[in-house]
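Please read its points alongside the sequence and the model.

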Amino acid sequence: MSLHKEWIQFQDGDQTYRLYTARPALAEGPLPAIIVIQEIWGTDEHILDVTERFAKAGYLAVSPDLFAENGQRPPSMTNERITKVKQFLNTIPPTAWHSPEKREAELKKLPEAVRSEIDETFQNVFGSLEKFPKFIAQLKATVRFLSSGEYRLVKKIGSVGFCMGGALSALLATEVPDLGGAVIFYGRFPDEERIAKIECPVIGFFGELDESINAGLPQFVENMKKARKSFNYKVYPGAQHAFFNDTRPSYHADAARDAFAKTLSFFNDVLGQ
């Protein structure tokens, strides 16, 4: 399918934001829109590919660059620098990822210049978990932009996110009352107070082996039921965290295929024809 793809910038107040957009080239008139929210690795090739998959399914699909500041990535947060961090982490045991002592021991094996860059970018990437208020503000600005006269190419708007983006997709549902629907791929959950503000249907997809994320799932299910909110989910046997990411060893083809089909069906129902 031929797609119209481009990076654009838009203003919201005194902020400039950066947004990847994709839509069917031959589509006429407004389309349902899906906001694709990045993993902690940013709007990398995988996230752009996922955005285009939704566009090929007949949507205006957009992915905000949450790491951009005033429309530009800082030098330490470019895709090239983040890729180096991923490559480094793939060479060390997962138990060393969040252990400063073990990570430093592995970094010392590298040349000084390389070590310094990797450590700086690692700190910035994983420090992004503390920037959720900033990210939510940007996502709400994206909703306003998509709904505005300046870019009125949409009917309804939904969100889907992965890992960090999954948590942000759920949070966006608590912040935007007229969001059409939200999809969580193995992301953490909003608290009970925030859940009360959700107005749209929510679905979630999780890997059986993702113990850290899944630990919060029963309470979220209970809280959603208690608040009489719509939430359906599936836990895939044998699947790990990030099972949808086909660029990582955790990829699980059966789970990813089924979850994508269910996501498309969900958006077809909640965003309309």
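1. A residue is called buried when its relative accessible area is under 20%, exposed when that area is over 50%, and partly exposed in between. The model under review is predicted.

2. Cys200, at 4% relative accessibility, counts as buried. The structure contains zero disulfides.

3. The sheet deserves attention next. Eight strands make up an open sheet with mixed pairing, and their order is β1-β2-β4-β3-β5-β6-β7-β8. Strands β1 (3-12) and β8 (231-236) stand at the edges; each has a single partner strand, so one side of each lacks a neighbour in the sheet. From one strand to the next, the twist averages 20°.

4. Helix α9 (residues 217-226) lies across β6 (181-185), β7 and β8, and runs at about 160° to β8.

5. Two packed helices are described by the angle and the distance between their axes. For helix α5 (residues 132-147) and helix α6 (residues 164-175), the axes come within 10 Å and cross at roughly 60°. This crossing of α5 and α6 is right-handed.

6. Which residues of α5 and α6 meet? Phe132, Phe135, Ile136, Leu139, Lys140 and Val143 in α5 meet Met164, Ala167, Leu168, Leu171, Leu172 and Glu175 in α6. By class, this contact has 10 nonpolar, two charged and no polar residues.

Definitions and conventions
Residues are numbered from 1 along each chain as its sequence is written. This is a predicted model: local features need pLDDT of at least 70, side-chain atom pairs count only at pLDDT 80 or more; totals for chains, interfaces and linings use all residues. Side-chain values use heavy atoms; hydrogens and water are left out. Axes are lines fitted to C-alpha atoms, for helices over the stretch in contact, and angles run from 0 to 180 degrees between N-to-C directions. Helices (H or I, at least four residues) and strands (E, at least two) are DSSP runs, numbered from the N terminus. A crossing is left-handed if the near helix is turned anticlockwise from the far one by less than a right angle, and right-handed if clockwise. Contact means heavy atoms within 4.5 Å. Ala, Val, Leu, Ile, Met, Phe, Trp, Tyr, Cys and Pro count as nonpolar, Asp, Glu, Lys and Arg as charged, and the others, Gly among them, as polar. A disulfide is a pair of cysteine sulfur atoms within 2.5 Å. Buried means under 20% relative accessible area, exposed over 50%, partly exposed in between (1.4 Å probe, protein chains only). Two strands pair if DSSP finds at least two bridges between them.
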